[in-house]
Amino acid sequence: MNLLVTNIHLLVNTRKESNLLRGKQLAELPFFENAYLRIEKGLIKEYGTMDGLTGHGSGEEVYDAKGATVLPAWCDSHTHLVFAGSREGEFVDKINGLSYADIAARGGGILNSAAKLNDTTADDLFDIAWQRLQELMRLGTGAIEMKSGYGLSVEGELKMLRVIKRLKEASPIPVKASFLGAHTYPPAYKNDHQGYINLIVQQMLPVIAEEGLADYIDVFCEEGFFSPEETETICFAGMKLGLKPKIHANQLHVSGGTQIGVKMGAVSVDHLEAMDEAAITALAGSTTIGTLLPTAAFFLRMPFQPARALLNAGCAIALASDYNPGSSPSGNMNLVVSMSCIQLKMLPEEAINAATINGAYAMGLGNELGSITEGKRANLIFTRPIPSIAYLPYAFGSNLVDKVMINGVFI
Ligand code: NIG
Ligand code: FE
């Protein structure tokens with residue numbers, strides 16, 4: 001079906017050519033005022049201002065946007081969407097004074113989620129994750145990455161990744177899969193790190209490669225979890241099988257994770273709450289994307305990511321939700337964009353670019369999504385009438401997403 005969308009107040013992130021944005025480039029968010037948009041076979045065909053529109057083609061349906069602002073759907077490049085149960089008990093423990101690390105040390109946290117996941121069937125996991133995915137699509141997410149990492153056993157990790165594969169096949173939006181077997185050490189390997197790394201390398205990775213279960217290899221590079229050296233060993237084993245590294249780095253400590261990610265040519269290093277000058281300089285001089293997860297810092301009451309320093313240094317920055325039961329029980333990208341403006345002092349233009357076009361590049365989808373560019377998928381957000389682009393992150397508590405279009409069809 002071909003569609004002509006008319007009377008768009010602002011058509012946002014219009015780009016003839018699509019590129020990953022670095023540093024100052026993120027502050028430029030091109031848009032058309034009083035615009036139309038043509039969609040053909042689910043793809044963006046053409047756009048311009050209403051005064052340049054001369055009639056419509058035969059067999060073309062017309063949709064009057066009535067002053068909606070239209071922008072590319074959010075590209076959420078870091079989530080742990082597949083999990084078995086919530087962890088609000090730990091949320092209350094944190095209110096009562098325990099830290100994320102305290103909870104992890106007493107067997108809660110990731111291990112709590114792993115126990116729940118190993119007790120849940122693949123069908124149930126699929127159903128819960130599917131519900132979450134529908135909710136996120138209605139909030140404007142048009143492409144998403146999902147990680148394993150709550151199995152921590154050969155069966156558990158493969159179960160998670162097979163569920164993600166089913167989601168990939170069933171989902172109308174692109175889904176990318178990351179293997180995060182190295183999320184933490186399971187209790188049986190608490191004192192045998194090499195044993196668990198061998199399990200990952202010798203027993204999990206070959207099956208993952210054989211069944212095509214993952215696009216990326218992820219490691220939680222952090223004090224008390226996986227060291228930079230262990231991260232490198234695990235990522236190289238994945239890279240040999242065609243997986244690209246995309247790692248958790250510099251969340252709780254200045255861990256060296258960013259530099260290891262850069263050295264390996266990682267697609268992205270994610271979190272980056274705890275950055276020093278050396279880590280910022282290494283990232284700025286690389287092709288690796290720095291993915292900031294502000295709702296995780298918010299939920300854990302951690303210092304926010306130094307977005308201004310990263311942008312001033314010329315880094316390529318993406319924003320993602322980190323949706324997971326322990327550190328960010330929300331996948332709402334509208335909130336991520338608002339928080340980035342409010343707490344990270346990103347400009348609305350920078351935050352929207354980081355959550356759309358750069359998010360797409362952080363999933364290898366830069367040619368398909370993230371901007372209003374001819375030939376890209378028509379995965380779009382239609383807002384309620386808003387006076388300006390800055391109003392979107394400004395009105396942080398309101399749901400301004402009126403309609404969402406996926407592959408040219410309203411959901
Ligand atoms: O990205 N930091 C490691 N992993 C997740 C949290 C996982 C959990 O607490 O369940 C994160 O924040
Ligand atoms: Fe994460």
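Reader: How many residue pairs are in polar contact between domain 1 and domain 2?

Author: A polar contact is a pair of N or O atoms within 3.5 Å, where within protein one must be able to donate a hydrogen and the other to accept it, and residues adjacent in sequence count only if both atoms are side-chain atoms. In this predicted model, there are 16 such residue pairs between domain 1 and domain 2, with both residues at pLDDT 80 or more. Local features need pLDDT of at least 70 and side-chain atom pairs count only at pLDDT 80 or more, while totals for chains, interfaces and linings use all residues. Residues are numbered from 1 along each chain as its sequence is written, and side-chain values use heavy atoms, with hydrogens and water left out.

Reader: What is the count of salt bridges between domain 1 and domain 2?

Author: A salt bridge is a side-chain nitrogen of Lys or Arg within 4 Å of a carboxyl oxygen of Asp or Glu, and between domain 1 and domain 2 the count is zero.

Reader: Where do the domain bounds fall?

Author: Such bounds come from an automatic or database domain assignment, which here gives domain 1 as 3-72 + 371-410 and domain 2 as 75-361. Contact (heavy atoms within 4.5 Å) takes 31 residues from domain 1 and 35 residues from domain 2.

Reader: What area is buried between domain 1 and domain 2?

Author: Buried area is the accessible area (1.4 Å probe) that two parts lose on being put together, summed over both. Here that area is about 2400 Å², with carbon and sulfur atoms giving 63%. In domain 1, Leu20, Arg22 and Leu26 lose the most area to domain 2, together 25% of what that side buries.

Methods: Chains lettered and ligands numbered in written order.
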